[in-house]
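Me: I am new to this structure and would like to be taken through it step by step. Could we begin once it is on the screen?

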Amino acid sequence: MNYAETFLQELQERRALYGNDDPAVAETLNALGLVYLHMYNEIDQAISCHKEALAIFKSTQKQHALKNLAMTLADVGRCYWRKGESNQAHSCLRESFEVCKLIQINDDDPIMYSVSNQLRMLSCS
């Protein structure tokens, strides 16, 4: 069983346990998206997983979901960046940055640091 199959199985199990709209499902979708992006270079599959996770996090009215939302937006932005779609990447990364500011994530937090760096790189290109 490869990594993607492992996460697909976990996704199926979490959906059966928690339903389709649970943050645990979104977390697995994010992990699967990262596998597709970094291990298989399947960018469109990664975007699909992350966007499904985004929809779940956006519908969740819990404060901790906002940090996951910021991370997921950053992941989608990185996927678009890898695809060469700078405008889409910038839009997602900017939204991630705004969510980070909204929930008062410090500039030295790894999420904020990464998003800020990527926004700088995009503005230079």
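**Charged pairs, fold and surface**

Me: Let us start with a single residue. Is Lys83 buried, partly exposed or exposed?
Reply: Lys83 counts as partly exposed, because its relative accessibility is 35%. Please keep in mind that this is a predicted model.

Me: Which residue does Lys83 form a salt bridge with?
Reply: The partner is Glu85, and the closest N and O atoms of the two are 3.5 Å apart. Glu85 is partly exposed as well, with a relative accessible area of 30%.

Me: How many salt bridges does the count come to?
Reply: The count comes to nine salt bridges. Among them is one between the side chains of Arg94 and Glu98, at 3.5 Å from N to O.

Me: Where do Arg94 and Glu98 sit relative to each other?
Reply: Both belong to helix α5, which covers residues 86–102. They are four residues apart there, so about one helical turn separates them. Arg94 has a relative accessible area of 36% and is partly exposed. Glu98 is also partly exposed, at 40%.

Me: And what does Lys101 pair with?
Reply: The side chain of Lys101 meets that of Asp107 in a salt bridge, with 3.4 Å from N to O.

Me: Which of these two is exposed, and which is partly exposed?
Reply: Lys101 is partly exposed, with a relative accessible area of 40%. Asp107 counts as exposed, because its relative accessibility is 53% and the cut-off for that class is over 50%.

Me: Back to helix α5. Is Ser96 in that helix buried or exposed?
Reply: Ser96, which is found in helix α5, counts as buried, with a relative accessibility of 0%.

Me: What is Ser96 in contact with, leaving aside its neighbours within four places in sequence?
Reply: Ser96 is in contact with Ala70, Leu73, Ala74 and Val115.

Me: Let us change topic to the whole chain. How many helices and strands are there?
Reply: The chain has six helices and zero strands. Read from the N terminus, the elements run α-α-α-α-α-α. The radius of gyration is 14 Å, close to the 14 Å that the globule rule gives for 125 residues, so the chain is as compact as a globular protein of that length.

Me: What does the C-alpha trace span?
Reply: Along its principal axes, the C-alpha trace spans about 45 × 30 × 20 Å.

Me: What share of the residues is buried?
Reply: Buried residues account for 42% of the 125 residues in the chain.

Me: What about contacts between residues 24 or more positions apart?
Reply: Such pairs account for 53% of the contacts in the chain with a separation of 6 or more.

Me: Which residues form a nonpolar patch on the surface?
Reply: Tyr3, Met39 and Tyr40 form a nonpolar patch, with about 310 Å² of accessible area together.

Me: Where is Tyr40 found?
Reply: Tyr40 lies in the loop between α2 (23–38) and α3 (43–59). At 30% relative accessibility, Tyr40 counts as partly exposed.

Methods: Residues are numbered from 1 along each chain as its sequence is written. This is a predicted model: local features need pLDDT of at least 70, side-chain atom pairs count only at pLDDT 80 or more; totals for chains, interfaces and linings use all residues. Side-chain values use heavy atoms; hydrogens and water are left out. A salt bridge is a side-chain nitrogen of Lys or Arg within 4 Å of a carboxyl oxygen of Asp or Glu. Buried means under 20% relative accessible area, exposed over 50%, partly exposed in between (1.4 Å probe, protein chains only). Helices (H or I, at least four residues) and strands (E, at least two) are DSSP runs, numbered from the N terminus. Patches are made of residues with over 30% relative accessible area and no salt bridge: like charges are joined within 9 Å, nonpolar side chains (Val, Leu, Ile, Met, Phe, Trp, Tyr) within 5 Å. Accessible areas come from the Shrake-Rupley method with a 1.4 Å probe; for residues, only the protein chains shown count as cover. The radius of gyration is taken over C-alpha atoms; the globule rule is 2.2 Å times the number of residues to the power 0.38. Contact means heavy atoms within 4.5 Å.
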